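Please look over the sequence and the model shown here before reading on. The report then goes through selected parts by topic.

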Amino acid sequence: MDLIPQARLVRTEGGSVELGSRVRLEAGAGAEGAARWMRTVLAPALGVDFDADADGPAVRLAVDPDLGPEAYRLTVTPDGVRLTGGDAQGVFWGTQTVRQLLAPAAYRRAPSPGAAPWTLPVCDIADRPRFHWRGFMLDVARHFMPKDGVLRHLDLMAAHKLNVLHLHLTDDQGWRPEITRYPRLTEVGAWRHRTKVGLKESPLWDERPHGGYYTQDDLREIVAYAGSRHITVVPEIDIPGHSQAAIAAYPELGNSDVVDTAALPVLDHWGVNPNVLAPTEATLRFYEGVLTELLDIFPGTFVHIGGDECPKEQWRASPTAQARIAELGVRDEDGLQSALIRHFDRWLADRGRRLIGWDEILEGGLAPGAAVSSWQGYAGGVAAAKAGHDVVMCPQSQVYLDWRQAPGADEPVPIAHVRTLEDVYRFEPVPAELTAAEAEHVIGTQANVWTEVLDSPRAVDYAVYPRLAALAEVAWSPLPPPAERDWAGFEARMRTHYARLDALGVEYRPPGGPRPWQRRPGVLGRPSEGPPPIV
């Protein structure tokens with residue numbers, strides 16, 4: 001059976017169970033959410049009525065805490081299906097396995113006329129995830145993705161047993177969450193006049209205004225939809241770099257003693273940007289206001305504060321910033337950034353939350369309770385884990401899904417080094433140099449997709465899939481060391497999985513290369529030759 005991610009223990013005994021048009025569905029305490037998903041999503045695809053009074057094979061859902069968090073046991077016999085989870089999450093992940101045991105057409109929204117009867121193989125499966133944090137970072141700041149697109153990606157994540165959506169909500173090129181006390185953040189900061197097509201090497205521009213934002217009701221809907229699929233949404237609000245959209249809306253947030261911040265627009269091109277936040281008490285109060293509203297919307301433990309790619313030139317030239325360095329008694333501009341991150345670490349901790357940021361937050365000293373998203377390589381994550389901090393491993397050389405997938409000229413807007421499906425499948429999140437105790441601080445892994453050159457849902461699909469399926473298996477399954485992994489077996493299982501993605505309408509990159517409409521001839525990228533450095 002072609003399960004992705006691969007289950008820990010699978011026993012098959014031959015034979016199958018045919019589902020009729022009416023199937024008895026019984027849900028014990030804690031399994032009601034999984035039963036609701038089966039009735040609202042799986043039943044329409046199958047054309048099956050999950051009826052509590054039906055005769056014949058039954059589907060029985062239950063919770064047994066002895067199995068452990070997110071674990072499940074699935075048994076299919078001629079009498080029907082018994083699915084027991086260690087908790088509600090485990091039951092739900094088990095229903096995703098049930099869906100994979102069916103034909104790929106189970107991923108459609110309505111049954112095909114004349115389809116063969118639905119059957120499940122007689123089997124026994126015991127499974128649980130390797131990591132608690134199995135994530136996908138979606139950048140909706142560079143190119144806005146309407147709400148329905150985000151909900152669709154949550155469905156795709158659930159189908160792959162991924163459970164953390166890291167939502168990159170703000171950047172130089174756009175501010176996406178509504179903040180009622182600061183209306184100009186979306187009135188001004190959510191829109192740019194035009195957009196660079198490709199990277200800076202490209203001479204092309206899209207002269208249409210671009211933008212959009214999520215109302216707070218939109219965000220609550222996204223969070224609730226994710227929660228019904230046992231996915232936590234982690235919001236990212238960039239501080240102190242990548243903030244020109246906020247400065248365009250409220251110029252007093254920038255270093256106005258160095259540059260004319262009132263003249264700064266929402267940025268229309270890409271790259272590391274020198275216009276960063278002023279390190280003042282007023283800025284701190286402003287972002288405390290932003291976060292106060294967001295904490296009411298996002299109930300998860302973690303809040304991402306960014307902290308990456310913050311050039312310090314303006315702070316070096318700013319009398320205000322230099323006075324702030326002296327006032328705080330820190331050594332330099334790196335220490336100043338560290339002080340800002342520490343402030344929000346304490347502020348979030350006082351409200352029962354935890355700060356997580358990109359690995360640059362290690363510079364100048366890491367806040368005591370902070371966790372690290374290690375993106376520049378393994379080194380930041382290794383340093384953080386050795387110092388006792390939790391880490392999410394997402395090194396760009398391994399799991400940046402905007403990087404190109406093949407060396408050919410047909411790859412659309414080729415970015416950086418080639419990262420194939422096999423490369424992602426052989427990614428190992430836990431560095432060998434960590435001790436067992438240090439490795440416990442690697443709480444998970446995620447793949448990141450940045451959307452500078454991904455300007456449509458179709459382009460995002462092409463970049464993300466099928467590679468996110470490989471990351472899902474890395475995050476869930478207890479795989480052997482990278483060189484020993486069964487790539488041929490995974491590739492064979494993917495042949496069935498492609499049919500599932502087809503049924504879901506995902507415009508993934510085919511194994512043989514892009515389809516004609518997936519190419520972007522004439523749009524320059526920035527390819528790098530050879531394998532990427534693994535640091």
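This is a predicted model: local features need pLDDT of at least 70, side-chain atom pairs count only at pLDDT 80 or more; totals for chains, interfaces and linings use all residues.

## The largest pocket

The volume of the largest pocket is about 650 Å³. Its lining is made up of 24 residues, and those nearest the centre are Glu-309, Asp-402, Ile-415, Glu-452 and Arg-526. Sorted by class, the lining of this pocket holds eleven nonpolar, five polar and eight charged residues.

## The second largest pocket

The second largest pocket holds about 450 Å³ of space. It is lined by 20 residues, with Val-41, Arg-109, Asp-155, Tyr-225 and Leu-504 closest to its centre.

Which helix gives the most to the lining of the second largest pocket? That is helix 3, with seven residues. The lining has eleven nonpolar, two polar and seven charged residues.

Strand 8 spans residues 133-139, and seven of its seven residues are buried. Its residues point two ways: Trp-133, Gly-135, Met-137 and Asp-139 to one side, and Arg-134, Phe-136 and Leu-138 to the other. Residues on both sides are buried.

Strand 8 runs parallel to strand 22 (residues 442-449), and six bridges join them. Strand 8 also pairs in the parallel sense with strand 9 (residues 164-168), over five bridges. Gly-135 takes part in both pairings: it stands opposite Gln-446 in strand 22, and its bridge partner in strand 9 is Val-164.

## Aromatic pairs

The count of aromatic pairs comes to 19. One of them is formed by Phe-92 and Trp-93, an edge-to-face pair with 5.4 Å centre to centre and 65° between the planes. Phe-92 has a relative accessible area of 0%, so it is buried. Trp-93 is likewise buried, at a relative accessible area of 0%.

Phe-144 and Tyr-214 form a tilted pair, with 4.8 Å centre to centre and 45° between the planes. Phe-144 is in the loop between strand 8 and helix 3, while Tyr-214 is in the loop between strand 15 (210-211) and helix 5 (216-228), so the pair ties together parts that are 70 residues apart in sequence. Phe-144 and Tyr-214 are both buried. Elsewhere, Trp-175, Tyr-182, Tyr-250, Phe-286 and Tyr-287 make up one aromatic cluster.

## Backbone details

Two peptide bonds before proline can be noted here. The bond from Ile-4 to Pro-5 is cis, with omega near 0°, and Pro-5 sits in the segment before strand 1 (9-18). The bond from Tyr-465 to Pro-466 is also cis, with omega near 15°. Pro-466 is found in the loop between helix 15 (457-464) and helix 16 (467-476).

Glu-309, listed above among the residues nearest the centre of the largest pocket, has a phi near 45°, a positive value in a residue other than glycine. Glu-309 lies in the loop between strand 17 (302-306) and helix 8 (313-317). Is Glu-309 buried or partly exposed? Its relative accessibility is 27%, so it counts as partly exposed.

Val-413 is not a glycine either, and its phi is positive at about 40°. Val-413 belongs to the loop between helix 12 (396-399) and strand 21 (415-416). With a relative accessible area of 5%, Val-413 is buried.

Key. Residues are numbered from 1 along each chain as its sequence is written. Side-chain values use heavy atoms; hydrogens and water are left out. On a 1 Å grid over the protein atoms alone, a cavity is a set of points where a 1.4 Å probe fits but cannot get out, and a pocket is an open set with protein on both sides within 12 Å along at least five of seven lines; lining residues have an atom within 4 Å of a point. Grid points are joined across faces, edges and corners, and a volume is the space filled by probe spheres set on the points. Ala, Val, Leu, Ile, Met, Phe, Trp, Tyr, Cys and Pro count as nonpolar, Asp, Glu, Lys and Arg as charged, and the others, Gly among them, as polar. Helices (H or I, at least four residues) and strands (E, at least two) are DSSP runs, numbered from the N terminus. Buried means under 20% relative accessible area, exposed over 50%, partly exposed in between (1.4 Å probe, protein chains only). Two strands pair if DSSP finds at least two bridges between them. Rings of Phe, Tyr and Trp (its six-membered ring) pair if their centres lie within 6.5 Å; planes under 30 degrees apart count as stacked, over 60 as edge-to-face and the rest as tilted.
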